[in-house]
Amino acid sequence: MKVRNLYSLREDLNRAAVVVLWIPLLFWIPLGCVVFRVNGLPPKFSVQVSEARSPEAPRAAVPADPVSTTTTSTAFNITLHAVNRRPADRCYRQGEAVVLYSGLTVAWGRTPRFCVGAMHTRDVTVVAWADDGVQLPTLLRDQMAVERRAGSVELDVDLRLFRSDDGSARPTWMRCKVTTGGPKQMDGVPCTVFALQNWASDVAPSWMQ
């Protein structure tokens with residue numbers, strides 16, 4: 001009888017321990033969901049890029065030395081697709097957009113001031129170009145020309161935006177890997193965003209978004 005009572009006591013203690021462990025989880029998980037829903041998730045960005053002018057037409061004769069540089073004219077139309085998942089407007093003042101090929105800058109431009117309404121989306125047009133051309137090594141210029149004739153050029157687009165709706169001017173950096181030509185995604189290519197934000201949003205369920 002004593003052994004049976006001891007065994008029953010251990011079972012009761014184990015059940016009590018499980019209950020004690022689950023009570024905080026049952027409280028904090030719903031609270032976290034409410035906080036996410038009230039404060040909203042951080043914004044998301046994606047881009048679409050198209051060439052506005054041929055990047056293969058040099059302004060100067062191609063030098064014989066393959067490692068020397070050639071002046072190349074480049075211009076790109078960038079469409080920034082911004083998604084505001086917060087219950088308040090989000091505004092940005094003028095920022096910067098840089099287009100890179102093989103790690104070298106081939107075009108740059110200014111982003112306009114814009115606001116995205118609460119729980120809304122907006123497309124922002126940015127034009128990036130090089131007024132005086134870009135000094136590219138001949139090998140890279142030829143490689144870019146070959147890719148363009150094949151119908152697609154792989155580029156990196158770096159953007160930097162500054163908050164203006166709260167007066168903080170906090171920066172948001174993002175890098176987007178894009179390919180010109182070929183099939184286009186409806187909202188563009190998703191960007192990797194580096195900013196003060198809640199990284200748990202990357203694994204948040206769709207109903208919270």
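Which residues do ring pairs link into a cluster? They are F45, Y92 and F114. The model is predicted.

## The ring cluster

The model holds 2 aromatic pairs. Start with F45 and Y92. Their ring centres are 6.0 Å apart, and their planes meet at 70°. An angle over 60 degrees counts as edge-to-face, so this pair is edge-to-face. The two residues come from distant parts of the chain, 47 residues apart. F45 belongs to strand β1, residues 44-53. Y92 belongs to strand β4, residues 90-101. Both F45 and Y92 are buried.

Y92 also pairs with F114. Here the ring centres are 5.3 Å apart and the planes are at 35°, so the pair is tilted. This pair, too, links distant parts of the chain: Y92 in β4 and F114 in strand β6, residues 114-116. They are 22 residues apart. Both Y92 and F114 are buried.

## A charge over a ring

Now look at R93. Its charged end sits over the ring of F162. The distance to the ring centre is 4.5 Å.

## Helix α2

Helix α2 covers residues 138-150, which makes 13 residues. At 1.5 Å a residue, the helix should span 18 Å.

Which residues of α2 are buried? T138, L140, R141, M144 and A145 are. They cover an arc of only 165° around the axis, so they lie on the same side of α2. An α-helix has 3.6 residues a turn, so residues three or four places apart point the same way. On the other side of α2, L139 and A150 are exposed. After the helix comes G151, with a positive phi near 105°.

Most residues other than glycine have a negative phi. Where does the model depart from this? M119 is not a glycine, yet its phi is positive, about 55°. M119 is in the loop between β6 and β7, where β7 is residues 121-129. Is M119 buried, exposed or partly exposed? Its relative accessible area is 45%, so M119 is partly exposed.

A169 also has a positive phi of about 55°, and A169 is not a glycine. A169 lies in the loop between β9, residues 153-163, and β10, residues 171-180. With a relative accessible area of 28%, A169 is partly exposed.

Note on methods: Residues numbered from 1 in each chain as written. Predicted model: local features only at pLDDT ≥ 70, side-chain atom pairs only at ≥ 80, totals over all residues. Heavy atoms only, no water. Phe/Tyr/Trp six-rings, centres within 6.5 Å; stacked < 30°, edge-to-face > 60°. Helix = DSSP H or I, 4+ residues; strand = E, 2+ residues; numbered from the N terminus. Buried < 20%, exposed > 50% of the residue type's maximum accessible area, 1.4 Å probe, protein only. Lys NZ or Arg CZ within 6 Å of the ring centre and 35° of its normal. Expected span 1.5 Å × (residues − 1). Arc of directions from axis to C-beta.
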